[in-house]
Amino acid sequence: MKVTSLHSVEPFRTLDGSQIREVAGPASGNAVNQSLAEATVPAGGATEEHYHRVTEEIYFFTQGRGFMRLGEAERHVEPGDTVVIAPGLRHKLWATGDEPLRLLCCCSPAYSHEDTVITE
C-alpha cells in the first residue's frame, strides 16, 4: 500500500496557470488510468481558458469562492460544488474571494500537458 501525503508533494504549474499538487497518477507511480490533484488558483487570479482533447475532468471545490465558465455556461462555485468537464469542452476558473480557490481535480485519462489546448 502506498499512501501519499498532499503536503509532501511538490507543486507544479499546469499550462492553464493553476498550481497543482498531484497525489495520484502515472507520474507518482500509484495510478495508471487517472490522476488526482489539488489545484489552487490564487485570490484574485484566474486560469487560462482551455480544453482537453481526450481527458474527462471532475472538479470538487474545497475552499474559497470562484466563478467558472464551462462552454457558454457561467456560474459561481464554492466549497462542496462538483463540476464534470467533458473532453473538448472549454473551461476557465476565477478566484473571486479573499482566499485562494482550491479544488480536487480528477482526470481520466491522467492529466498531461500534451492533452491541454489553451484557447485564449
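Residues are numbered from 1 along each chain as its sequence is written, and side-chain values use heavy atoms, with hydrogens and water left out. Because the model is predicted, local features need pLDDT of at least 70 and side-chain atom pairs count only at pLDDT 80 or more, whereas totals for chains, interfaces and linings use all residues.

**Overall fold**

The protein chain contains 0 helices and 11 strands; helices (H or I, at least four residues) and strands (E, at least two) are DSSP runs, numbered from the N terminus. Along the sequence the pattern reads β-β-β-β-β-β-β-β-β-β-β. The radius of gyration is 13 Å, close to the 14 Å that the globule rule gives for 120 residues, so the chain is as compact as a globular protein of that length. This radius is taken over C-alpha atoms, and the globule rule is 2.2 Å times the number of residues to the power 0.38. Along the principal axes, the C-alpha atoms fill a box of roughly 40 × 30 × 20 Å.

Contact means heavy atoms within 4.5 Å. Of the contacts between residues at least 6 apart in sequence, 64% join residues at least 24 apart.

**Surface and charge**

Buried residues account for 39% of the 120 residues; buried means under 20% relative accessible area, exposed over 50%, and partly exposed in between (1.4 Å probe, protein chains only). The chain exposes about 6500 Å², with carbon and sulfur atoms supplying 53% of this area. Accessible areas come from the Shrake-Rupley method with a 1.4 Å probe; for residues, only the protein chains shown count as cover.

The mean positions of the 10 positive and 17 negative charges lie 2 Å apart. Lys and Arg count as positive and Asp and Glu as negative, while His and the chain ends are not counted. Each charge is placed at NZ of Lys, CZ of Arg, CG of Asp or CD of Glu.

**The nonpolar core**

A nonpolar core is a set of buried Ala, Val, Leu, Ile, Met, Phe, Trp, Tyr and Cys residues joined through side-chain atoms within 4.5 Å. The largest one has 17 residues, and those with the most contacts inside it are Tyr59, Phe61, Met68, Val83, Leu93, Leu101 and Leu103. At least two core residues come from each of strands S3 (35-41), S5 (56-63), S8 (82-85), S9 (91-95) and S10 (101-108). S10 gives the most, with 4 residues. Beyond residues up to four places away in sequence, Val83 touches Glu57, Ile58, Tyr59, Phe61, Met68 and Leu70.

Asp81 lies in the loop between strand S7 (73-77) and S8, Glu48 in the loop between S3 and strand S4 (50-52), and Pro109 in the loop between S10 and strand S11 (116-118). The table gives their relative accessibility and a C-alpha to C-alpha distance for each.

| Residue | Relative accessibility | C-alpha distance |
|---|---|---|
| Asp81 | 18%, buried | 5.5 Å to Phe61 |
| Glu48 | 35%, partly exposed | 7.9 Å to Leu93 |
| Pro109 | 39%, partly exposed | 30 Å to Glu99 |

Leaving aside neighbours within four places in sequence, Asp81 is in contact with Tyr59, Phe60, Phe61, Arg75 and His76. On that basis, Glu48 contacts Leu15, Asp16, His91, Ile118 and Glu120, and Pro109 contacts Asn33, Gln34, Val54 and Thr55. Pro109 is also joined to Ser108 by a cis peptide bond, with omega about -5°.
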